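Me: I'm new to reading protein models. Can we go through this one together, one question at a time?

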Amino acid sequence: MSQGSLTRRELLRLAAAAGVAVPFAGAMRSDLAMAAAPKRGGTLRVGVNSDVTSLDPNDTVFANNPVYFQVYNYLVKFSATLRPRPDLAQSWELAKDGMSAVFHLQSNVRTHSAGIFNANALIANFERVKDRTTGGGLFSRLQDWSSAERIDDLSVRFKFARPRPDFLAMVARWGMIDPAAFANVKAQGGGTGPFRVQEWVPGDHVTFVRFDQYWQSGIPSVDRIILRPYTESQSMENAFRAGTIEIAHTLRAKDGERLRASGYNITQAPVPNEYFVMTLNARRRPFDNIKVRQALQHVVDRATIVRNALGGVGKPVVQMVAPGALGYDPKLDAEFAFDLDKAKAMLRNAGVNEGLKVQFLTLTSDPALPEIAQIIQADLKKVGIDAQVDLQDPSSYFPTYFGGKFDLNLTFTTLATLDPTEMTVGSPFRTNPTNPSWLETGPPQGYIDAVNKLTSSFDERERWGYLREAVRYVLGQSWAVPIAVRLPLFGVGKSVRGFAVDPQMIMSLRTVWLES
């Protein structure tokens with residue numbers, strides 16, 4: 001399997017292994033057919049389950065996903081069959097030694113401030129990413145990208161500190177900002193995308209309006225998009241049923257079949273790309289003791305979580321790899337299985353006594369998170385750990401989490417699907433001192449060595465084999481406890497056409513139009 005080139009058969013196997021029930025390929029063909037003659041105009045109303053925390057695409061946290069593809073373009077995007085395709089970059093070449101890559105930009109791309117996005121703008125974005133204060137989640141991701149060189153007005157060569165056969169997967173999450181918007185992008189946005197930000201009232205709504213100078217002909221179709229946060233899942237479902245919103249992002253997984261049986265259009269991403277995970281703060285006692293961390297691998301009742309909190313949607317996982325992918329190791333399922341007696345014995349041997357009190361941080365970005373936390377909380381109690389669940393909205397959660405102010409943390413992050421290194425996209429697997437589980441010190445050198453090995457070959461099967469080694473190392477060190485595949489469901493109104501979800505679980509509204 002070459003990078004970004006899963007066959008349809010392999011993709012179907014991957015989806016089936018993760019419990020995807022929706023026949024995504026047929027659904028996507030239907031959407032494309034219906035979008036052949038789109039109507040222009042209208043306002044699209046979208047419900048989201050938490051307010052965005054920033055309009056800066058470098059702030060790569062889940063709450064901001066609904067903003068990304070509406071306001072920003074990316075150098076490349078990946079198709080539903082995991083093939084890279086042009087976006088702002090019309091073509092690219094990787095050097096034979098893997099130590100550099102050249103991107104050739106589309107011509108005449110306008111920014112939201114009426115400028116031109118060219119090589120200088122791309123280099124300015126690169127410099128912003130390389131600054132820790134402005135790079136956000138991309139600062140760690142593009143750490144090996146050492147320099148950018150202007151070749152001509154539309155071409156840039158990036159040089160790497162070591163070979164990067166995964167260079168396309170790395171830029172698939174790098175949204176391009178209008179350089180004129182740098183100073184105020186967090187509050188006001190600004191890119192080259194099909195919509196520009198008209199207004200953001202935190203806690204109430206974000207409004208996007210059509211960018212009439214968008215470089216792709218015929219896009220977008222709707223005049224306006226309004227994102228409105230709903231802090232309670234039932235409130236968003238009620239709004240969707242009533243027609244107050246045309247798109248519900250994200251519905252509770254366990255409500256999906258019920259709504260579909262009632263005649264509502266419920267869809268999901270084309271491939272499994274995310275999973276729920278509990279992380280431990282290895283800088284805090286008693287989790288600075290590896291034996292304590294290892295005991296908690298056996299506390300999570302994944303089957304009960306999938307059945308009760310996720311309504312049977314998804315699949316239990318003990319590793320950071322999509323089930324069915326080449327790097328998935330089925331031997332680990334039994335080795336790190338749920339076993340409270342084993343966990344209790346391991347904790348006692350590690351010197352942890354009954355009555356240990358810990359803080360269990362989680363957030364409201366997915367309605368399943370509080371329910372998953374309660375199930376884990378109950379099992380922690382059975383092994384003598386009193387975990388106090390601290391549920392926070394994104395605006396307070398992310399400063400707490402990235403500041404390392406937690407004992408246990410429950411969130412969701414990225415599976416290795418596009419590429420073996422995709423596991424490192426999520427903050428729990430950063431290789432530098434911004435990793436919240438290893439704040440200031442950074443993770444163990446053995447992990448860094450294992451991650452570096454993922455790019456030591458250009459043979460894809462060999463690289464996925466190295467991923468098995470990296471995953472085993474992480475599970476042995478036990479600062480992360482994978483739980484289950486996350487398959488967010490989207491409610492799509494009957495008048496909506498052209499709706500799409502990227503393989504990275506990011507909603508795209510650039511081709512959406514309203515039939516009525």
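Me: What volume does the second largest pocket have?

Reply: Keep in mind that we're looking at a predicted model. For the second largest pocket, the computed volume comes out at about 480 Å³.

Me: Which element gives the most to the lining of that second largest pocket?

Reply: The lining has 22 residues, and Asp59, Gly136, Gly137, Phe402 and Arg430 are the ones nearest the pocket's centre. Two elements give two or more residues to it: α15 (394-402) and α5 (132-141). With eight residues, the top giver is α5.

Me: How many residues in the lining of the second largest pocket are polar?

Reply: Let's sort the lining by class: seven residues are nonpolar and four are charged. Gly counts as polar here. The polar count is 11.

Me: Are the planes of Tyr447 and Trp479 stacked or edge-to-face?

Reply: The structure holds 21 aromatic pairs, so let's zoom in on this one using the cut-off that planes over 60 degrees apart count as edge-to-face. The ring centres of Tyr447 and Trp479 are 5.2 Å apart and the planes sit at 85°, so the pair is edge-to-face.

Me: How many residues apart in sequence are the parts that Tyr447 and Trp479 tie together?

Reply: Both Tyr447 and Trp479 are buried. Tyr447 belongs to helix α16 (residues 445-453), while Trp479 is in the loop between α17 (460-477) and β19 (480-486), so the parts tied together are separated in sequence by 32 residues.

Me: Which ring does the charged end of Arg486 sit over?

Reply: Arg128 has its charged end over the ring of Phe182, 5.4 Å from the centre. For Arg486, the charged end is 3.7 Å from the centre of a ring, and that ring belongs to Phe412.

Notes
Residues numbered from 1 in each chain as written. Predicted model: local features only at pLDDT ≥ 70, side-chain atom pairs only at ≥ 80, totals over all residues. Heavy atoms only, no water. Phe/Tyr/Trp six-rings, centres within 6.5 Å; stacked < 30°, edge-to-face > 60°. Helix = DSSP H or I, 4+ residues; strand = E, 2+ residues; numbered from the N terminus. Buried < 20%, exposed > 50% of the residue type's maximum accessible area, 1.4 Å probe, protein only. Lys NZ or Arg CZ within 6 Å of the ring centre and 35° of its normal. 1 Å grid on protein atoms, 1.4 Å probe; cavity = no way out; pocket = protein on both sides within 12 Å on 5 of 7 lines; lining within 4 Å. Points joined across faces, edges and corners; volume = space filled by probe spheres on them.
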